[in-house]
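Reader: I would like to go through this model step by step. Please show it before we start.

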Amino acid sequence: MSTQLAVKKLLSEGQLEIVTGGWVMNDEATSHYFAMIEQMIEGHQWLEHNLDYKPKMNGWAIDPFGLSPTMAYLLRRMGLDNMVIQRVHYSIKKYLAMNKGLEFLWRQPWAMIYLTLVVLIQKYVVNMIFKRLPGNKVNCPWRKPPVPITQENVADRAWNLLDQYRKKSQLFRTNVVMIQLGDDFRYDKALEWDQQFNNYQKDF
């Protein structure tokens, strides 16, 4: 089976989702709205022609330069319902977390349509990013590198993970919490996929 057919199968069965679907993740701070629309059209047409796919629900903007309600407005007009954002000033993240406002509706004064946004907090689950295992040449900035999960430590690691998820859940009003594994520039090598999956699988 070709890679293209394999990807199409994963998409059609809901095992894989392409979020946003733009040609790039555009700058939001200084870009003209025409450029934002044009790159989305380019990306969506490529997906339609090559994979028979149209992004349906979620947007993903973890590393744009600036964040704009215009992008949320455009994504909603393109049929998306949600967007995840990351590069928010730490003082704003702290304020939103203290007020359980990390998930919010973003709308513009001129239109009543809105997009649900979730602000990512990467404060927790840091010792479960297995790309930072010793020997992978990626240092852990918190000086607490992950430990491979074994039969001897699986109970301890599972309770630690549950505690971190519990702490993160207290920052939201709803009973649904989004947990991301890794951040940008990740999962570019098969080894990282395998290390992440094999270790996480042991916890569940």
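Reader: How many helices and strands does the chain have, and in what pattern?
Author: Helices (H or I, at least four residues) and strands (E, at least two) are DSSP runs, numbered from the N terminus. The chain has six helices and four strands. Read along the sequence, the pattern is α-α-β-α-β-α-β-β-α-α.

Reader: Which element has the lowest mean pLDDT?
Author: This is a predicted model, in which local features need pLDDT of at least 70 and side-chain atom pairs count only at pLDDT 80 or more, while totals for chains, interfaces and linings use all residues. Residues are numbered from 1 along each chain as its sequence is written, and side-chain values use heavy atoms, with hydrogens and water left out. The chain averages a pLDDT (the predictor's confidence in each residue, from 0 to 100) of 86, and 96% of the residues score at least 70. Among the elements, α2 has the highest mean, 96, and the lowest, 80, belongs to β4.

Reader: In what order do the strands of the sheet lie?
Author: Two strands count as paired if DSSP finds at least two bridges between them. The sheet is open, has four strands and shows mixed pairing. Its order is β1-β2-β4-β3.

Reader: Which strands stand at the edges?
Author: An edge strand here has a single partner strand, so one side of it is left without a neighbour in the sheet. That applies to β1 (58–61) and β3 (103–108).

Reader: By how much are neighbouring strands turned against each other?
Author: Axes are lines fitted to C-alpha atoms, for helices over the stretch in contact, and angles run from 0 to 180 degrees between N-to-C directions. For neighbouring strands of this sheet the direction is ignored, and the average is 30°.

Reader: Which residue of β4 stands opposite methionine 83?
Author: Strand β2 (residues 82–85) runs parallel to β4 (residues 111–119), and four bridges join them. On the other pairing, β3 and β4 run antiparallel with six bridges and form a hairpin with two residues between them. Phenylalanine 104 stands opposite leucine 117 in β4. The residue opposite methionine 83 is also leucine 117.

Reader: At what angle does helix α3 run to β4?
Author: Helix α3 (residues 69–77) lies across β2, β3 and β4. Its angle to β4 is about 110°.

Reader: How are α2 and α3 oriented to each other?
Author: The axes of helix α2 (residues 33–51) and α3 come within 11 Å and cross at roughly 40°. Angles under 35 degrees count as roughly parallel, over 145 as roughly antiparallel, 65 to 115 as roughly perpendicular and the rest as oblique. The two helices are therefore oblique.

Reader: How many nonpolar residues are in the contact of α2 with α3?
Author: Contact means heavy atoms within 4.5 Å. Tyr33, Met36, Ile37, Gln39 and Met40 in α2 meet Thr70, Met71, Leu74 and Leu75 in α3. Ala, Val, Leu, Ile, Met, Phe, Trp, Tyr, Cys and Pro count as nonpolar, Asp, Glu, Lys and Arg as charged, and the others, Gly among them, as polar. The contact has no charged residues, two polar and, as asked, seven nonpolar.

Reader: At what angle do α5 and α6 cross?
Author: The axes of α5 (residues 154–169) and α6 (residues 190–203) come within 9 Å. The crossing makes α5 roughly perpendicular to α6, at roughly 90°.
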